[in-house]
Amino acid sequence: MAKGFSATTIKSWFQYRCERKVRYELSSDSELAGIPITKDEREQSWAILGERFEDDVVAGLGTAVLRPGRDERVLPEGLSAAFLGGSRRERYAAQVNLLPGRLPDFLRDTGLFLNRNITDLIRRDSSEVRPGMTDLTIIDVKATRRATPFHKTQVAFYAKVLDEVLTEMGLTNVRVGDYGEIWRIADKEAAASGRHEPERFALAPYRRLVDDFCTNTLPGIAAKRLSREIDETFFHVYFKCEQCSYLEHCRRSISNALPATVRDVSAVAGLSHEAKRLLNRNSITSVFDLAQAEGLSRSAGLGWSLSRRAGTLVTRAKAAAAESILRTEDEHTYLMPSRVDSALLLSVDHDPVDDRIAALGYSRVENGHPVRASKVRVPKSGSLDHEREVLIEVLSELIADLTQIDAHNRAVAEGGLDAEPIYAHIFLYEPSEAINVQAAIGRHLDSAAIRTGLLDLVRLFPPEDVVPEPEFRGIHHLPATALRSVFEQLYALPVAVAYDLRQVTQAVRAADPYHPGPAFERPFSSLLSIEVIRTLRENPSKAQSLDAICADVVARMNAMAGLIGWLLERNREASATGNALLRLAKRPFRFQTTFNPLSAVDLDLLMACEILENRAGLLEALVGLARPFRRRRDAGRCFANLRYDRDFRGPKGSRRIIFRIPKESQLADLSVSDMDLILHDDSPDLRLNPALWGQIACRIVQPDFGLSDDEICIEIDNQVTRSQEYRALLDRVRVGGWFVDKAFFDVNTQRAAAFVNYLGT
């Protein structure tokens, strides 16, 4: 049976890269129903928004656009031909159906026919480079914030079909222009405004992508057998699938109700499409197969990315197969402190269409319980004014709590209060939530209330156009922890995706697991879905109530508190064995008041940048050193498992040691030019303590005699050989247990800071 093909299928491919989705879209509804394949036919609010935005944009063109009649969905064929041929006065035509009378050449021998392809707009212009010629520009109107490559490939396909139509019409003085356009939501405007921003792009690169797909990929997909008994299509279930109409059909293959031997490998969190393809080529198709794939990283043909992550994926598969929690290779994390007296929880939901905060929640938790009722607010609309009101109302409570904690700790430090200092820390669940708070603050820096009342919040989450407060970007004042990142680094959980707070809290049996209502449950995230957000904006009568939305936000923050308690308890258990999990060293909370990022002079900015660069470099080094030695070695930053061979005296009382390098470490990217090397036995308490690096510092040297390929010469200064840590190393290191790592060395910051201070005097 012939299969229909259109620009929508092109867009689907370049958006999802899903063979199954394309094959299903090539089939009729009756074919799919006979298999059966379930398809979600519900009209979604974001689709309604797209149609409304397009209508508003086209209406804004007035009489300059040729449109279908009131009861017509597409422009009649006669009017379309008249417009393309130049016999109409309008500059634009809307809803033109591009459907040549004969099968286009690029579909011959594929078994496919062309469905109708309806363009949003086509514009006629006199050619700038070819006198007497008319250029046609294809315009796609999208209710989105940015034009993506898959939007542009859709326009390129329209151009390809329009070429066929013009050839068929015999129009020699009309051509498709070299550029296409995406008209998207205007910057700093809500979708309801109807204002658009045009993005112009060269068609040629996207034409080549479409040509390659139609020639080399599409025929193979169309030939895949699909019936009640067999489905040859390749698929992968992951977060991009959330808006796919076939998601429920595909999710059956990763259901926990299936045994691990038949549960599709897509159920392992963190896999990409390409990673699954490579695993399938290595006969790894199920969760069980991957769980048994020890040594996967050494398999040929996996590619660098999959080889690097193979150990983590195998561990996650084992956790899923056994339905248990396992530790990853990472022994520690610098993403969370080990002591939290006051946990300040933020929940940030974002509307990607209006680019505004959709809901904002705050809760202060101590000893596992909220100090007071959580504060949750939902903006009344997508306007900047309503977003600013919510930011000020909710985040003012956060600043008030931080102010109280700062006053307490200041009194303790000055001796005016006989009490323990308070260790406070901000938590979110997703890293994207911190980014969205940062962006929201940046949208309102023209507000006096934001600049003054929330100045300390600007320091905590500095927008991109504000120089960051360095003290809050360093290891002692890291502003916030994203809990999902901590779990992904330390644990392999029996969940399909760690983005989902519901799955994570239930897997760890947290004190207060998250149980979302049916309207709020999502397969790949716990934040408010675009469906909930846009229905609230587009069709309030059918939307979830504000009380229900607020209750969901509160439930998420309560669940976060349970996860924090769970992590702190696991850290206490690990610390009892001398191997703490949480390594972020934080002092009792104090506001930084020496630097105002909104009124800084040039020298302030220079000093802030110098300190920020130093702190960022140190934190990056610590994060790298916290990884298991195999990952440090494979990244080229570590000589691992060196074997002592011999030593001899060097210049100025130094000691030179010849080590034998095992084969696995011989490709390390360390050389005589590195000034930040440390010699150790892989003890985390040694390699992760910058205060001790000076006692184990070393450098690579080239002696005055030749070395074999498996030898390296390390030089240690006289003061290092006399240090307590180095002598302790000599007593405890085992055979083949020496390591050389890149740490962090910054020769400039102290000198630059001193110079800046001198200039300021």
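Which residue forms a salt bridge with R184, the closest N and O atoms being 2.4 Å apart? I will come to that in a moment, after a word on the model itself. What we have here is a predicted model, in which local features need pLDDT of at least 70 and side-chain atom pairs count only at pLDDT 80 or more, while totals for chains, interfaces and linings use all residues. Residues are numbered from 1 along each chain as its sequence is written, and side-chain values use heavy atoms, with hydrogens and water left out.

The residue in question is E199, which forms a salt bridge with R184, where a salt bridge is taken as a side-chain nitrogen of Lys or Arg within 4 Å of a carboxyl oxygen of Asp or Glu. This pair links distant parts of the chain, since E199 sits in strand β9 (residues 196-202) and R184 in strand β8 (residues 179-185), 15 residues apart. Helices and strands here are DSSP runs numbered from the N terminus, helices being H or I of at least four residues and strands E of at least two. R184 also forms a salt bridge with D187, the closest N and O atoms being 2.9 Å apart. As for accessibility, R184 is buried at a relative accessible area of 7%, whereas D187 at 46% is partly exposed, and E199 at 22% is partly exposed as well; buried means under 20% relative accessible area, exposed over 50%, and partly exposed in between, with a 1.4 Å probe and protein chains only.

By this rule the count comes to 64 salt bridges. Another of them joins the side chains of E573 and R570 at 2.9 Å, N to O, and these residues are three apart in helix α19 (residues 546-576), so they are separated by about one helical turn. There is also a network of salt bridges that links R364, E366, R372, K375, R377, E393, E397 and D401.

Let me turn to helix packing. The axes of helix α6 (residues 149-169) and helix α7 (residues 204-222) come within 8 Å and cross at roughly 80°, which makes α6 roughly perpendicular to α7, a label that covers angles of 65 to 115 degrees. Axes are lines fitted to C-alpha atoms, for helices over the stretch in contact, and angles run from 0 to 180 degrees between N-to-C directions. On the α6 side the contact includes P149, A156 and F157, and on the α7 side it includes Y206, L209 and V210, contact meaning heavy atoms within 4.5 Å.

Next comes the barrel. Six strands form a closed barrel in the order β20-β21-β24-β23-β22-β25, with antiparallel pairing, and the twist averages 45° from one strand to the next. Two strands pair if DSSP finds at least two bridges between them, and strand β20 (residues 638-649) pairs with strand β25 (residues 738-742) in the antiparallel sense over three bridges. Helix α24 (residues 724-732) packs on the sheet, touching β21, β22, β24 and β25, and its direction makes about 45° with that of β22.

Finally, the overall totals. The secondary structure comes to 25 helices and 25 strands, and buried residues make up 53% of the 761 residues in the protein.

Key. Angles under 35 degrees count as roughly parallel, over 145 as roughly antiparallel, 65 to 115 as roughly perpendicular and the rest as oblique.
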